[in-house]
Amino acid sequence: MIYTITLNPTIDRLLFLEGTLTKGKNNRLRKVTYDIGGKGHHGSNAMNQLGVKNQALGFSGTTNAGKLENILLDKGIDYDFVEVYGKATRESYVILEEGIGGSILITEKGFTVTDYDIELLYEKVEKKVQKEDMVLIAGSTPPGFDLSDLEELLERLKRIGCFIACDLSGEALKKAVEIGVDFIKPNRFEVQELVPSDDNFLDHIKELSEKVDYLIVSLGKDGSICSHAGEVYEVSTPPVELVNDTGAGDCFVGTFLGSLSLNQPLTECLSLASACAADHVQYNDSSTFDINNARELQKVVTVKKIS
Ligand SMILES: Nc1ncnc2c1ncn2[C@@H]1O[C@H](COP(=O)(O)OP(=O)(O)OP(=O)(O)O)[C@@H](O)[C@H]1O
Ligand SMILES: [Mg+2]
């Protein structure tokens, strides 16, 4: 079983503008749609597309619980959250201009969780997760959830002995590496927190891979570098028309872990993840991709051993 943990969930409110965003004018909307925004939820969605059973854990607010639940049900995502009473799951505003690729993202911080809420999460996780399971912790941490709380969560998972994957950034990512998790996927900015300089990049990657079994550095349209079992691979991307690359990393992580859990060879996991993420950037939301299109794109993805 795979569990995804989203500590700071969000609901994406996609605002489709008529024309471009302009100061001093009434910017009219063509339509508004909703999508899941939490990184772990994106991971669950990607695993679902591969038919890999998983459950989304983490926190959620009760005052707008129906809104998040409707989106998750619509996507067929199974969930079991620690509900934080009287709080609202934050909403993120994704502004999409007509005829222009990319998006403008505006996010709220998220509600504050208490020590009691955090304890309930530890209990839920310890009750569910078994040694043979995989756990993905993804996204930012909410106010009230300190680095020491993340450390405690990771230590408890280590004691269970499950596979721990982390898609985190900044100090949280550093902590995950220090504790020694099984998988991380920093992007080109996040990796700068871990390696001292761009010089001898591959040597730094090899050094890091002594602490983390599966280390993937994603480089947007330039593909990714993966280090595992003393070997380093360079993964290409298929050519696609970029519409919105938000969530590309989440799609990559979800499909990679999903295929790894199906015992697929590493090269297959990497090429499929690259293809799914590339297919995803052609859509304007942060979670959609088509697995059949991705299988076509996968045919031109190369995975080259470079060290
Ligand atoms: N324009 C693109 N064309 C093809 N593939 C892409 C493109 N952008 C991203 N990808 C694929 O998605 C992977 C992850 O992208 P990226 O490095 O942007 O992740 P990220 O910054 O973690 O994304 P996010 O956190 O928003 O989900 C890349 O390694 C690549 O395989
Ligand atoms: Mg990312």
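Guide: Start with what covers the buried residues of α5: the cover includes α4 (147–160), β9 and β10 (183–184). This is a predicted model, where local features need pLDDT of at least 70, side-chain atom pairs count only at pLDDT 80 or more, and totals for chains, interfaces and linings use all residues. Residues are numbered from 1 along each chain as its sequence is written, and chains are lettered from A, ligands numbered from 1, in the order in which they are written.

Visitor: Which residues of helix α5 are called buried?

Guide: A172, L173 and A176, in a helix that spans residues 170–179. A residue is buried if 20 or more other C-beta atoms lie within 10 Å of its own, exposed if 12 or fewer, and partly exposed in between, with C-beta atoms placed from the backbone.

Visitor: Why are the buried residues of α5 said to line one face?

Guide: Take the directions from the helix axis to the C-beta atoms. For the buried residues of α5 they fall within an arc of 100°, so these residues line one face of the helix. The face turned away carries the exposed residues G170 and E178. Just after α5, G180 takes a positive phi of about 90°.

Visitor: What makes the chain as compact as a globular protein of its length?

Guide: The chain has nine helices and 14 strands. Those are DSSP runs, numbered from the N terminus: H or I of at least four residues for helices, E of at least two for strands. The radius of gyration, over C-alpha atoms, is set against 2.2 Å times the number of residues to the power 0.38. The chain gives 19 Å, close to the 19 Å from the rule for 307 residues, so it is as compact as a globular protein of that length. Of those residues, 44% count as buried.

Visitor: What makes β5 and β14 edge strands?

Guide: Two strands pair if DSSP finds at least two bridges between them. The open sheet has ten strands with mixed pairing, in the order β5-β4-β1-β8-β9-β10-β11-β12-β13-β14. β5 (82–84) and β14 (303–305) each pair on one side only, and are the edge strands.

Visitor: How many bridges join β1 to β4?

Guide: Five, between residues 2–6 and residues 54–61. At least two are needed, so β1 and β4 count as a pair. The two strands run parallel, and T4 stands opposite A56 in β4.

Notes. Two residues are in contact if their C-beta atoms, placed from the backbone, lie within 7 Å.
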